[in-house]
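Hi,

Here is the structure I said I would pass on. Have a look at it first, and then read my notes below.

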Amino acid sequence: MTLSLDPAISARLTRNPDGLVPAIVQEATTGQVLMLAWMDDEALRRTLSTRRGTYWSRSRQQYWVKGETSGNVQAVREVRLDCDGDTLLVSVDQTGPACHLGTTSCFDADLLLAEQV
């Protein structure tokens with residue numbers, strides 16, 4: 001028997017032409033945005049059932065579980081769907097850096113505009 005995403009959840013998702021929904025991943029304790037990844041129904045089902053961040057790699061065309069090879073795992077605390085059903089917010093406890101470049105967040109590198117004081 002093949003498991004599938006709950007049809008009620010699937011019906012609420014608004015996917016891009018590739019069948020994907022962006023997932024904003026946020027550190028649960030600090031609120032820091034760690035990364036943006038992509039999920040389809042299967043990646044979301046896996047994430048909800050295992051509580052491990054599971055995503056669709058657009059470059060490799062395969063599923064990947066965050067930390068499976070690096071050890072920098074994401075223990076998923078909460079997954080929310082936005083009001084339009086076109087974005088997921090994944091709250092995690094991140095072990096190690098979230099970015100594949102070794103930084104805490106994928107948004108650590110380039111500050112384009114800062115608050116004026």
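S1 and S2 run antiparallel and are joined by 6 bridges; strands count as paired if DSSP finds at least two bridges between them. Helices (H or I, at least four residues) and strands (E, at least two) are DSSP runs, numbered from the N terminus. Before you go further: this is a predicted model, so local features need pLDDT of at least 70 and side-chain atom pairs count only at pLDDT 80 or more, while totals for chains, interfaces and linings use all residues. Residues are numbered from 1 along each chain as its sequence is written, and side-chain values use heavy atoms, with hydrogens and water left out.

Back to the strands. Ala23 has Ala37 in S2 as its bridge partner. The S1–S2 hairpin has 5 residues between the strands, and Gly31 takes a positive phi near 85° there. S1 also pairs with S6, this time in the parallel sense and over 5 bridges, with Val25 opposite Val90 in S6. Since 5 of the 7 residues of S1 (residues 21–27) are buried, the strand is largely enclosed by the rest of the structure. For the cut-offs, buried means under 20% relative accessible area, exposed over 50%, and partly exposed in between (1.4 Å probe, protein chains only).

S3 and S4 make the other hairpin I looked at. Strand S3 (residues 54–57) runs antiparallel to S4 (residues 62–65), with 4 bridges between them, and Tyr55 stands opposite Trp64. There are 4 residues between these strands, and Gln61 has a positive phi near 55°. In a regular strand the side chains alternate between the two faces of the sheet.

Now the helix, H2 (residues 41–50). Its buried residues include Ala43, Leu44, Arg45 and Thr47, and the buried residues of H2 pack against H1 (7–12), S2, S3, S4, S5 (74–81) and S6 (88–94). Contact here means heavy atoms within 4.5 Å. Thr47 has 0% relative accessibility. Leaving aside residues up to four places away in sequence, Thr47 touches Met39, Arg52, Gly53, Thr54, Val76 and Val79. Just after the helix, Arg51 takes a positive phi of about 60°.

On to charges. A salt bridge is a side-chain nitrogen of Lys or Arg within 4 Å of a carboxyl oxygen of Asp or Glu, and by this rule the count comes to 5. Some of them:

- Arg15 and Asp41 meet at 3.0 Å, N to O. The pair links distant parts of the chain, 26 residues apart, with Arg15 in the loop between H1 and S1 and Asp41 in H2.
- Glu42 and Arg45 meet at 2.8 Å, N to O. They are 3 residues apart in H2, which means about one helical turn between them. Glu42 is partly exposed at 22%, whereas Arg45 counts as buried at 17%. Glu42, Arg45 and Arg46 are linked in a network of salt bridges.
- Arg77 and Asp93 meet at 3.0 Å, N to O. This pair also links distant parts of the chain: Arg77 is in S5 and Asp93 in S6, 16 residues apart. Both are partly exposed, Arg77 at 45% and Asp93 at 26%.

Last, the surface. Ile24, Val33, Leu36, Leu89 and Phe107 make a nonpolar patch of about 410 Å². Patches are made of residues with over 30% relative accessible area and no salt bridge; like charges are joined within 9 Å, and nonpolar side chains (Val, Leu, Ile, Met, Phe, Trp, Tyr) within 5 Å. The areas come from the Shrake-Rupley method with a 1.4 Å probe, and for residues only the protein chains shown count as cover. Val33, in S2 (residues 33–39), is partly exposed at 34%. Ala109, in the segment after S6, is exposed at 65%.

Cheers
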